[in-house]
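Trainee: Can we go through this one together? I'd like to start with the rings.
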Amino acid sequence: MFTTCCSCRPTDKGNPNHSHNIRKWLQSTDLTREVYQHLAHYVPKIYCRGPNPFPQREDMLAQLVLLGPMEWYICGEDPAFGFPKLEQANKPSHLCGRVFKVGEPTYSCRDCAVDPTCVLCMECFLGSIHRDHRYRMTTSGGGGFCDCGDTEAWKEGPYCEKHKLNTSEIEEEEDPLIHLPEDVITRTYNIFATMFHYAVEILTWEKESELPADLEMVEKTDTYYCMLFNDEVHTYEQVIYTLQKAVNCTQKEAIGFATTVDRDGRRSVRYGDFAYCEQAKSVIVRNTSRQTKPLKVQVMHSSIVAHQNFGLKLLSWLGSVIGYSDGLRRILCQVGLQEGPDGENSSLVDRLMLNDSKLWKGARSVYHQLFMSSLLMDLKYKKLFAVRFAKNYERLQSDYVTDDHDREFSVADLSVQIFTVPSLARMLITEENLLTIIIKTFMDHLRHRDAQGRFQFERYTALQAFKFRRVQSLILDLKYVLISKPTEWSDDLRQKFLEGFDAFLELLKCMQGMDPVTRQVGQHIEMEPEWEAAFTLQMKLTHVISMMQDWCALDEKVLIEAYKKCLAVLMQCHGGFTDGEQPVTLSICGHSVETIRYCVSQEKVSIHLPISRLLAGLHVLLSKSEVAYKFPELLPLSELSPPMLIEHPLRCLVLCAQVHAGMWRRNGFSLVNQIYYYHNVKCRREMFDKDIIMLQTGVSMMDPNHFLMIMLSRFELYQIFSTPDYGKRLSSEITHKDVVQQNNTLIEEMLYLIIMLVGERFSPGVGQVNATDEIKREIIHQLSIKPMAHSELVKSLPEDENKETGMESVIEAVAHFKTFFPPRKPGLTGRGMYELKPECAKEFNLYFYHFSRAEQSKAEEAQRKLKRQNREDTALPPPVLPPFCPLFASLVNILQSDVMLYIIRTILHWAVEHNGYAWSESMLQRVLHLIGMALQEEKQHLENVMEEHVVTFTFAQKISKPGEAPNNSPSILAMLETLQNAPYLEVHKDMIRWILKTFNAIKKMRESSSASSVAETEGTITEESSRDKDKAERKRKAEIARLRREKVMAQMSEMQRNFIDENKDLFQQTVAEEASNSAVLDNSPMVSDTTLTALGPEQTQVPKQRQFVTCILCQEEQEVKVESKAMVLAAFVQRSTVLSKNRNKVIQDPEKYDPLFMHPDLSCGTHTGSCGHVMHAHCWQS
């Protein structure tokens, strides 16, 4: 039975013991010594008197004998009267500050919360305006407090009804100490300083058998506890089994011990003398050290355990006392943050934080709650505490990583309470360089690198994997700091943010090219490589990368500097991307480009390219914010090397294509999983999407013909398209059927990539759209597959850093909400689903880049079915697209480039000669889609063209021209008309018919616009000023000439079509003969039955052939006539001895040597060379 000594028993109601102690403490010159003596005497007599604790009795006696005198001392009277007086004089805080318990409901307003960490308790939520908003309800994991009253946490409605009453009465800068009497302030400071110091000293005490000198007992008993501590390594079953053996207890008792250890962090499992407890310790250590580190066990003297238990009670008591008055809270904050005699990190708060990992779970929870109810509730000391936390950040995180307790039991978890406050985050970035500290601390824990300095996760041990999981919490801290964007920038903030950006680039540099893969040939890979760690890191950083870009977008100076820094790091990473690679020259259609000889199927390739993708994001921001047009001189755009920019993203996309083609089967599932996550909604925003944007960036700055040749080379298709009849020879060889199938798939993937590059312009900055248009398009294409429930649709959309998709703001514009009932199941409740509005179907793009292949197939089937139900043709033409931003405007030229037309012509030729070549309907479908995109683009250009401009996009004109020598293949238009009647392409007839219809519409638009522009020019020419007459005349003549040419071409095309329709059978039989004989016919002289007369009065009149040339400088087209402006060629004249018969002869006076005079010995001749580009003489001179 638990007993108490006489001195601890309750006395009469007047508590003379209290009066005696208080008089003694008031008169003492050394309060600390007096209090310590009191504690040394009574604490061991109250706490830890036997093997089983009696917490209720202990707490009652502690309140009576230990805490009661302190309360009397603070109030100067009975605390039953003193504390209510303090509470009445106090000006209540406008902050709620309710600390959440485990499992308690919390509410966050999705409309008004600054970030998802801003939450309300139930009482405040029900009394606020947010109950009528969109909100998110969750359960608390313990810790954290209600943010009601914090104006920085809410965009609107920061106060509930309960706390709103106090806002008019309180001034933010008012010192709460003015409401306390001076004597109370003095006494409170003295007792708080003594008791806080005592609690910190005893909780951080590391000796097991002796107390601090001030607390030592005169008579020391031989009573000890065998104290078992919690860890996160051993299981319940292991602990229960070990305890049964070590302390000879029943299973029920062992379960009780294990449960208490898990909940509180420690529990005494044996009480007795030292030897008795030491025996139990040795058994526990021996039984738990075979496979992992042993359980932590200490044999502690009972007096130490007693003082530590009272220390926890004391911290809880401090937390309750400061609730009576903000003045008391301010005093405790002053005591806690006051520097000690040892200088830096010697304050009581610092000592507790730096010893956090050494404390058990219960002690941590108690002092964390005290910090939240004191330091984090006082606005002045919250800033000072934030500074101390930032200064100790590296040490705190290192302690957490090496510790094994969950994050919620670490002081490092308080970062969410500090870093999410916008004003504190800005202050810590500016004054403490917090961004750099967090990133460098993170990198310090990932030291496993390869020879190139990249992170390496291949040979991670279990311990390293454990550390990696824990160190990911630093990324969360980085997200907290960045989650609130600055509205104003100071020079210090710019400087410190850019320093942090430098550190972030160093982090991404270690990720650039990590986990490279090489194609496995011959034998299947023996062991699946580690890939999850790298993708986990990528997923954790996805929102941080996006937020870094968001910060850069808010300030033009920051954006420009960040762009320069990112480009410099990318050039460091890829500066040697041609090292060791042999250069090779590619030539198609008269265009040549030099690149490197690189095969994705033979060399190493990595899917991780964060630096390239970050630069792509910043480049888009230059366009979106118009910085690229305002300050071009400040940007290093001239230093950009488009081939370098596109190289690695292109390799990554080729890798995906080859995996889809089945070329990497022997690499196992690890690569398949990487490709899956690369396209997955969780990763694609900062991976796949940015690779597309980087290719768009590169293509917009280079000749599209050069890009297409490089792309053919990387897809390993260059030989197929550059060698005549290569595909015919390959398809005839039975042994290469797998290769044919792979090549067909690669051609399909390459065409799909071209469609994406030209068609994906719904990112703000790439196309002239906003974020709403982007999310609308995502929803339209998801609902094109099938009607979807709200939850299903949300899962398919990317979330931002606030876990928002933006769906609610646009869903009503694109979809109806309907209830669908299961067929033939009348008892079941209907399911509410979103169905796409019919008018939105025209925006459907069959080759939407976020479709998986299964989704694309389902969407195509669903849309064709819908068209059949509406009695429409089943063509799925490309939608009308928004225009590109000026920085990307040249991208459309890829569609009308010579190499693109050659690729289209080649594939159509394969389809026409369908029995002789290896081709696929999917390949043809993509070509038809590309032709449709080009025609839509030209149609838009004609509809939106300004009166003074000439449309330079002339795809319709180019596809109506036949191929050039030596093949002289039919025009693309003619082949389309042939395919329209092909019985084996029934499914594509509607699409071909739509293409021909669109072509005719464009032709009519050009004819009408040309005629009207000529009439307008003639009608207004008299009003033009003399300065503009030449320009207007040139334009008029060029337009007339273009109109004339188009009419001739249209007539020829019409005659050809009529002839084909009248002689279908004959044409299909002879088309091959025409192709093979065209070269011979072109080089043969024209012979007719009529005799031609060259000279004399009966000379045969030969029609003059008109010749048109284009000035390479001003791009103006002009007919070659005597009366026209002079046209010139640039030429280089030099001496030549190629045909010399006397090479030894030396010209005596070269300056006077006449190059037109040739000596009979032909010692030196003249050679004139020209590039062949024609120019106006006046353009050349200017």
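Trainee: Is Phe497 buried or exposed?
Mentor: Phe497 counts as buried, because its relative accessibility is 0% and the cut-off for buried is under 20%. Keep in mind that this is a predicted model.

Trainee: Which residue does Phe497 form an aromatic pair with?
Mentor: Trp489. The ring centres are 5.7 Å from each other, with 80° between the planes, which makes the pair edge-to-face.

Trainee: And Trp489, buried or exposed?
Mentor: Trp489 is buried too, at a relative accessible area of 14%.

Trainee: What about Trp531 and Phe535?
Mentor: Their planes stand at 75°, so that pair is edge-to-face, with 6.0 Å between the ring centres. Trp531 and Phe535 are both buried.

Trainee: How many aromatic pairs are there in the whole structure?
Mentor: The search finds 35. There is also an aromatic cluster made of Tyr367, Phe371, Phe385, Phe389, Tyr393 and Phe419.

Trainee: Which ring does the charged end of Arg266 sit over?
Mentor: The ring of Trp360, at 3.7 Å from the centre. Likewise, Lys361 has its charged end over the ring of Phe409, 4.6 Å from the centre.

Trainee: Switching to helices. At what angle do helix 16 and helix 19 pack?
Mentor: About 35°, and their axes are 10 Å apart. The crossing is right-handed.

Trainee: Which residues make the contact?
Mentor: Helix 16 contributes Tyr393, Glu394 and Gln397, while helix 19 contributes Ile437, Ile438, Thr441 and Asp444. By class, that is 3 nonpolar, 2 polar and 2 charged residues. Tyr393 also belongs to the aromatic cluster.

Notes
Residues numbered from 1 in each chain as written. Predicted model: local features only at pLDDT ≥ 70, side-chain atom pairs only at ≥ 80, totals over all residues. Heavy atoms only, no water. Axes fitted to C-alpha atoms, helices over the stretch in contact; angles between N-to-C directions. Helix = DSSP H or I, 4+ residues; strand = E, 2+ residues; numbered from the N terminus. Left-handed = near helix turned anticlockwise from the far one by under 90°. Contact = heavy atoms within 4.5 Å. Nonpolar A, V, L, I, M, F, W, Y, C, P; charged D, E, K, R; others polar. Phe/Tyr/Trp six-rings, centres within 6.5 Å; stacked < 30°, edge-to-face > 60°. Buried < 20%, exposed > 50% of the residue type's maximum accessible area, 1.4 Å probe, protein only. Lys NZ or Arg CZ within 6 Å of the ring centre and 35° of its normal.
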